[in-house]
Amino acid sequence: MSKRAYSEINLHVVWRVKSNIPVLHDEVEQQLHRFIENAIGKEDGAHLHEIGGVDDHIHIAVTVPPTLLISEWVGRIKGASAHYINHKIANKKILEWQTGYGVISFGTSNLPWVQDY
């Protein structure tokens, strides 16, 4: 993609733990957030604005480049993060994500509202 192209693609992405099991708390939540933050940081042109959620789902506010295929990207993050938590943190299967995700685009002027959500 040309360096002269301009894009402003802001996304609020949400996905849930399978069966809504409340496993995202304490050390698991901290390690998960750190892992996802690092994964997003490795994606060329992506910028994490905020990460949060509650014990059964996660929210991210992110800006992505127009070359990013969102469905594949979210799938990679979900799969890799569950693998990381299960194999490196818990040493047992405690995290499995539901199939799919929700995504809403928003204007940059709405970023503070999304971050507060």
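**Close-ups of the sheet, helices and core**

**View 1. Four strands make an open sheet, ordered 2-3-1-4, with antiparallel pairing.** The model shown here and in every view below is predicted. Out at the edges sit strand 2 and strand 4 (102-106), each with a single partner strand, so one side of each has no neighbour in the sheet. On average, neighbouring strands are turned by 15° against each other, ignoring direction.

**View 2. Zooming in on where strand 1 meets strand 4.** These two run antiparallel and are joined over 5 bridges. Look for leucine 11: its opposite number in strand 4 is serine 105.

**View 3. Two helices lie across the strands.** Helix 2 lies across strand 1 and strand 3, at about 45° to strand 1.

**View 4. The largest nonpolar core, with 25 residues.** The residues with the most contacts inside this core are Trp15, Ile36, Ile40, Ile60, Trp73, Leu95 and Trp97. At least two core residues come from each of strand 1 (9-16), helix 1 (26-42), strand 2 (47-54), strand 3 (57-64) and helix 2 (70-89). As a bit of background, nonpolar side chains in soluble globular proteins tend to be buried together.

**View 5. Isoleucine 40 and the residues it touches.** Leaving aside residues up to four places away in sequence, isoleucine 40 is in contact with Ala46, His47, Leu48, Ile60, Val62, Trp73 and Ile77. Two of these, Ile60 and Trp73, are also listed with Ile40 among the residues with the most contacts inside the core.

Key
Residues are numbered from 1 along each chain as its sequence is written. This is a predicted model: local features need pLDDT of at least 70, side-chain atom pairs count only at pLDDT 80 or more; totals for chains, interfaces and linings use all residues. Side-chain values use heavy atoms; hydrogens and water are left out. A nonpolar core is a set of buried Ala, Val, Leu, Ile, Met, Phe, Trp, Tyr and Cys residues joined through side-chain atoms within 4.5 Å. Buried means under 20% relative accessible area, exposed over 50%, partly exposed in between (1.4 Å probe, protein chains only). Contact means heavy atoms within 4.5 Å. Two strands pair if DSSP finds at least two bridges between them. Axes are lines fitted to C-alpha atoms, for helices over the stretch in contact, and angles run from 0 to 180 degrees between N-to-C directions.
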